[in-house]
Amino acid sequence: MLNVIKEQKGNVLVVRFTGSIEENVNFEALIGTPPEELHVYCKEVPRINSIGVKAWIRFFQSLKAKGIKLKFFECSTAIVQQINLISNFTPPRSVESIYVPFTCMQCKSELVGLFKCEDLKQMKLKIPDLKCAKCGGRSAFDDIPEEFFAFLFRN
Ligand SMILES: [Zn+2]
């Protein structure tokens, strides 16, 4: 069940998604028609299934067709997977920041780090280690860089 918190800032509508995106999702009812620009925060989306993906693409494509500018922030790893899999999941260069998965080398805890896409591009897939929140050990990026960051270099 997806919950949406909306906040209007001038010509920008900011929405924060919380919850899984599945069969029952109705973006039209949850978001309505934004003004000139829509900023979507996806930090708290742990899961999106195939029906949710279809609804997502239909809704955001319809906004794009109306000339509304879209930006996506704090995309969870579940959302990043879809961005990589489906070329029209998000418009080109609309993803501003993403969560990146890390695993601690010592205690094996999993954590995520927030990165701006612009910074990631400049790092050229050399992701710096993070400090583990649990044991203070070294946490390393835990996925295949060429796959997880594929969308960054798509266009
Ligand atoms: Zn640790």
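Analyst: C132 is buried, since its relative accessible area is 5% and the cut-off for buried is under 20%. The model is predicted. C132 sits in the loop between β7 (130-131) and β8 (138-141). Its SG atom is one of the protein donors of the zinc ion.

Along the chain the donors follow the spacing C-x2-C-x24-C-x2-C. C104 belongs to strand β5 (residues 97-104), so C104 and C132 tie together parts that are 28 residues apart in sequence. C104 also counts as buried, because its relative accessibility is 1%.

Which residues of α3 are buried? They are A78, I79, V80, Q82, I83 and N84. In general, an α-helix has 3.6 residues a turn, so residues three or four places apart point the same way.

Take N84 in more detail. N84 lies in helix α3. Its relative accessible area is 19%, so N84 is buried, with the cut-off set at under 20%. Setting aside neighbours within four places in sequence, N84 is in contact with E147, F148, F149, A150, F151 and R154.

Is S76 buried or exposed? S76 is buried, because its relative accessible area is 7%. Residues up to four places away aside, S76 touches C42, K43, V45 and Y99.

The place of I48 is the loop between β3 and α2. I48 counts as buried, because its relative accessibility is 10%. Leaving out residues up to four places away in sequence, I48 touches I21, V53, W56, A78, I79, Q82 and F89. One of these contacts spans a stretch of chain: I48 and I21 are 27 residues apart in sequence. Their C-alpha atoms are 4.6 Å apart in space.

R93 is found in the loop between α3 and β5. Most residues other than glycine have a negative phi. R93, however, has a positive phi, near 55°. R93 counts as exposed, because its relative accessibility is 62% and the cut-off for exposed is over 50%.

R93 brings us to the largest pocket. Which residues lie nearest the centre of this pocket? They are P92, R93, S94, V95 and K121. In total, 17 residues line the pocket. Its volume is about 300 Å³. By class, the lining has seven nonpolar, four polar and six charged residues. Helix α4 (residues 117-123) gives the largest share of the lining, with three residues.

L125 is located in the loop between α4 and β7. Its phi is about 70°, although L125 is not a glycine. L125 counts as partly exposed, because its relative accessibility is 25%.

One last stop is the start of the chain. M1 lies in the segment before β1 (3-9). M1 counts as exposed, because its relative accessibility is 61%. Neighbours within four places in sequence aside, M1 is in contact with T18, G19, S20, E22 and N24. What separates M1 from E37? The two are 36 residues apart along the chain, and their C-alpha atoms are separated by 25 Å.

C104 is buried, and so is C132.

Terms used
Residues numbered from 1 in each chain as written. Predicted model: local features only at pLDDT ≥ 70, side-chain atom pairs only at ≥ 80, totals over all residues. Heavy atoms only, no water. Donors = N, O, S within 2.8 Å, 3.2 Å for Na, K, Ca; no water. Helix = DSSP H or I, 4+ residues; strand = E, 2+ residues; numbered from the N terminus. Buried < 20%, exposed > 50% of the residue type's maximum accessible area, 1.4 Å probe, protein only. 1 Å grid on protein atoms, 1.4 Å probe; cavity = no way out; pocket = protein on both sides within 12 Å on 5 of 7 lines; lining within 4 Å. Points joined across faces, edges and corners; volume = space filled by probe spheres on them. Nonpolar A, V, L, I, M, F, W, Y, C, P; charged D, E, K, R; others polar. Contact = heavy atoms within 4.5 Å.
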